[in-house]
Amino acid sequence: MSTLSPSVHPECQDLLAEISRMSNTGGWFYDVVHNTLHWTEETYHIYGLEIDTPITPKKAIEFYTPASKAIIEQCFNNALQEGKNYEVDVEFNDASGNFKWVRTTGKVVRKNGKISHVYGAIEDITKERQLLLQERNTSQYLEKVINNLNDAVITVDETGVIISANKTTERIFKCKTDDLIDKNVTVLMPKAHAKLHAKYISNYLTTGNAKIIGVGRELPARKLTGEEFPMELSLTEINIQNKRIFIGIIRDISEKKAAISRIYNLAYYDSLTQLPNRRSFENDVTGILKKAKLTGLDIYCALLDIDCFSEINLIYGQSVGDSVIKKVSEKIQETVPMNFRLYRNMADSFFLLYQTPLSPLDESINRRIKRLEKKVSSLAWKDVEIDTHHQAMTLSIGSLRIPAAEVDNEKLIQLLEFSSNQAKSIGLNQCIMLDKQTRQQHERQTLIRYSMLPALEKGEFSIMLQPQYSVDLQPKASEALIRWNSEALGFISPDEFISLAEENGDILIIGDWVINEVCKLAADLQNDNIDVRIAINISAKQIVQPDFGTLLLERIQQWNVNPARIMLEITESTLVKNIDLVRKQMLELSEKGLSFSIDDFGTGYSSLRYLKELPINELKIDRYFVEEINDENVEIPIVNTIIEMAKALGVETVAEGIETQAQLTYLKRHGCNYFQGFYLNKPMPIEQWKTLLQSTKKTQKHSQSDK
Ligand code: C2E
Ligand code: MG
Ligand code: MG
């Protein structure tokens with residue numbers, strides 16, 4: 001059946017056929033009376049049948065899938081029996097087995113009250129269905145994705161009313177999404193924040209300004225259970241059907257924040273005392289210095305150190321030591337006012353920092369600070385409980401009030417350490433606030449520390465020699481004394497720079513230079529046949545080096561010097577403190593022919609036993625004992641004892657620092673062997689010294705030939 005009505009114009013029939021093809025819609029017509037079914041071309045096409053293939057309702061129904069077949073049968077029967085029109089979407093397999101979706105309609109025509117025909121359309125809606133399915137799949141897919149995000153995704157309208165929330169919202173905010181829909185988003189905010197929210201929104205809607213749109217931001221959030229937590233919120237705005245919708249993506253960052261704070265604590269807090277640590281101190285100092293520098297203000301800080309703490313560790317062990325540090329830190333903390341911050345530096349030392357810069361004109365605060373220092377240093381530490389008893393403990397404090405413009409972080413810590421060392425060097429429980437003069441002294445020391453090696457390179461060091469005479473006033477030996485005439489700082493005494501060189505280790509290089517100079521000099525004298533021994537001062541740091549002896553012997557060999565012409569002066573305190581290391585070196589070197597003098601004897605509490613077992617040739621009576629001799633007839637027991645002791649040990653004595661005839665006479669009378677001091681000769685430059693020795697040699701020759 002390709003035509004619908006003989007009255008339709010043939011061209012219009014073609015047109016209808018074309019529309020039918022384009023819209024994938026065929027027609028059908030069932031004659032109830034004759035029980036015949038008629039299809040249009042497109043219907044055959046949809047069924048996949050050749051045009052004019054004989055067709056019956058029963059046959060046509062066979063093409064439907066079982067479920068659809070039931071539906072279509074029902075619809076068709078209803079039409080025939082009850083005259084009901086229908087329109088259904090059903091599933092269908094065409095003659096070639098292709099699955100299709102069709103929309104089929106049926107309309108009933110009555111003649112004389114009786115149903116004479118049923119006709120309808122059949123539309124292939126497979127593509128439409130597939131699209132629908134695809135769309136549904138996509139939206140299901142997206143929904144699944146959104147629900148499985150780790151972040152809550154909430155959409156709100158411009159009045160703040162929640163439109164949707166994903167599943168994760170339930171987990172993060174401890175609620176059901178249904179409880180949120182249609183509620184204002186402020187239910188998810190802490191009260192204080194919720195109050196401001198409406199203002200933010202209205203401001204945004206009127207001005208279009210919002211700091212938060214498009215950027216992630218950390219804000220406080222509130223679970224429906226009331227618990228608050230930190231969230232990271234990123235907000236975007238979209239427009240759907242002319243309505244502004246805000247999409248909020250919310251991440252619970254409690255764990256992240258906890259981890260960051262754990263890391264921060266590890267980095268900036270001390271785990272034992274829970275006090276901020278040295279790094280925190282440095283950070284805070286940087287901040288306060290910056291502020292104070294801008295306004296020309298001072299800063300105050302202090303370094304606190306528990307007195308004799310190493311003994312506690314040694315006697316009771318480290319864990320008791322730790323608990324003492326903790327208790328002490330708590331006590332200090334209780335004592336210092338709020339605007340002072342306490343930090344643990346390391347081991348038993350703490351920093352104290354006044355949190356605000358001080359006006360240089362404000363002197364009154366110094367008194368308060370000093371009172372505080374005194375209080376902190378001598379707190380009634382009696383109740384620091386160690387094991388089962390209470391230990392009295394004190395602190396030493398080195399502090400500093402300084403114009404911020406004069407220091408940086410590093411220098412500040414150096415000055416504090418210097419000040420603390422000064423306090424410790426006086427004794428227990430001392431507080432020292434560095435004054436300008438002491439600061440300058442420290443600055444000079446720092447300069448010296450860094451200048452020694454460059455000065456050595458520049459040739460600023462030299463050697464002076466001070467002769468030591470025998471009883472008949474013949475120069476038997478000389479002490480080599482180093483001199484530093486610095487271009488920048490002027491003359492610097494060895495008393496000032498040797499201890500600094502010992503501290504920073506430069507003494508090893510400087511000491512080697514002295515040894516080399518002395519060997520060179522000794523070689524010179526050997527060639528001139530002048531028989532004099534040269535004494536070299538050796539620092540503790542030098543002699544405890546395992547290769548000290550080897551290097552010294554190398555120098556001696558290098559200059560071809562007779563080792564008997566070299567004497568090493570070691571102070572008594574070096575000997576006492578490092579006896580095991582020193583003994584070994586002394587024994588080896590003495591075997592090679594070098595001799596030893598114990599410098600500053602009488603000040604170092606050495607025991608007789610040590611002295612007996614060491615290869616000592618001479619004891620040098622310290623000049624402070626020699627100074628005691630004012631009158632040659634007044635006995636000075638300590639001097640007598642040293643000389644007697646030396647005799648008992650079978651070693652010689654030399655007295656240093658002789659400044660008067662009375663001292664010389666006294667020492668000679670009491671049996672001292674050699675004499676050194678300004679009264680006889682001051683230390684002199686090499687040339688002058690050589691001339692002195694040469695002239696003595698001539699006099700000796702003359703007197704020998706006179707005899
Ligand atoms: P020291 O070894 O006890 O040296 C004796 C010091 O007393 C020297 O001071 C000397 O100039 C001084 N002196 C000598 N006679 C008199 C006197 O009659 N009256 C007074 N008031 N002083 C006198 P100097 O040269 O300033 O050396 C000081 C210290 O520096 C030395 O004490 C020594 O410990 C150390 N020193 C000097 N040169 C060297 C060196 O080359 N290496 C090492 N490691 N230390 C050295
Ligand atoms: Mg000496
Ligand atoms: Mg001495």
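Which residue of β23 stands opposite E569? The residue is S597. This report describes a predicted model, beginning with the strands around that pair.

## Paired strands

Strand β22 covers residues 566–571, and five of its six residues are buried. On one side of the pairing pattern, β22 and strand β21 (residues 533–538) run in the parallel sense, joined over five bridges. Within this pairing, I534 has I566 of β22 opposite to it.

Strand β23, spanning residues 595–601, also pairs with β22 in the parallel sense, over five bridges. The facing residues E569 and S597 belong to this second pairing.

D600, in contrast, counts as partly exposed because its relative accessibility is 24%.

E656 takes part in a salt bridge as well: its side chain meets that of K620 at 3.8 Å, N to O. This pair connects distant parts of the chain, since E656 lies in the loop between β25 (652–655) and α25 (661–669), and K620 lies in strand β24 (residues 618–621), 36 residues apart. E656 is buried at 10% relative accessibility, and K620 is buried at 0%.

## Nonpolar cores

The largest nonpolar core contains 74 residues, and L568, I621 and L667 touch the most other members. Helix α17 supplies the largest share of this core, with 11 residues. Apart from this core lies another, of 28 residues, including L275, A302, I369 and L372.

Leaving aside neighbours within four places in sequence, I621 is in contact with several residues, among them F601, V639, L667 and C672.

## Charged residues and salt bridges

The whole structure holds 36 salt bridges. In one of them, the side chains of D270 and R344 meet at 3.1 Å, N to O. D270 is in the loop between α9 (254–268) and α10 (278–295), whereas R344 is in strand β12 (residues 340–346), 74 residues apart. Both of these residues are buried.

Another salt bridge joins E82 and K84 at 3.5 Å, N to O. E82 is partly exposed, with a relative accessible area of 46%, and K84 is partly exposed at 45%.

Not counting residues up to four places away in sequence, D506 touches R449, M452, L453 and A501.

I306 belongs to strand β11 (residues 298–306) and is buried, at 1% relative accessibility. Beyond four places in sequence, the residues that I306 touches include I325, V328, F350 and K424. I306 and N85 are 221 residues apart in sequence, and their C-alpha atoms are 103 Å apart in space.

Note on methods
Residues are numbered from 1 along each chain as its sequence is written. Chains are lettered from A and ligands numbered from 1 in the order in which they are written. This is a predicted model: local features need pLDDT of at least 70, side-chain atom pairs count only at pLDDT 80 or more; totals for chains, interfaces and linings use all residues. Side-chain values use heavy atoms; hydrogens and water are left out. Buried means under 20% relative accessible area, exposed over 50%, partly exposed in between (1.4 Å probe, protein chains only). Contact means heavy atoms within 4.5 Å. Helices (H or I, at least four residues) and strands (E, at least two) are DSSP runs, numbered from the N terminus. Two strands pair if DSSP finds at least two bridges between them. A nonpolar core is a set of buried Ala, Val, Leu, Ile, Met, Phe, Trp, Tyr and Cys residues joined through side-chain atoms within 4.5 Å. A salt bridge is a side-chain nitrogen of Lys or Arg within 4 Å of a carboxyl oxygen of Asp or Glu.
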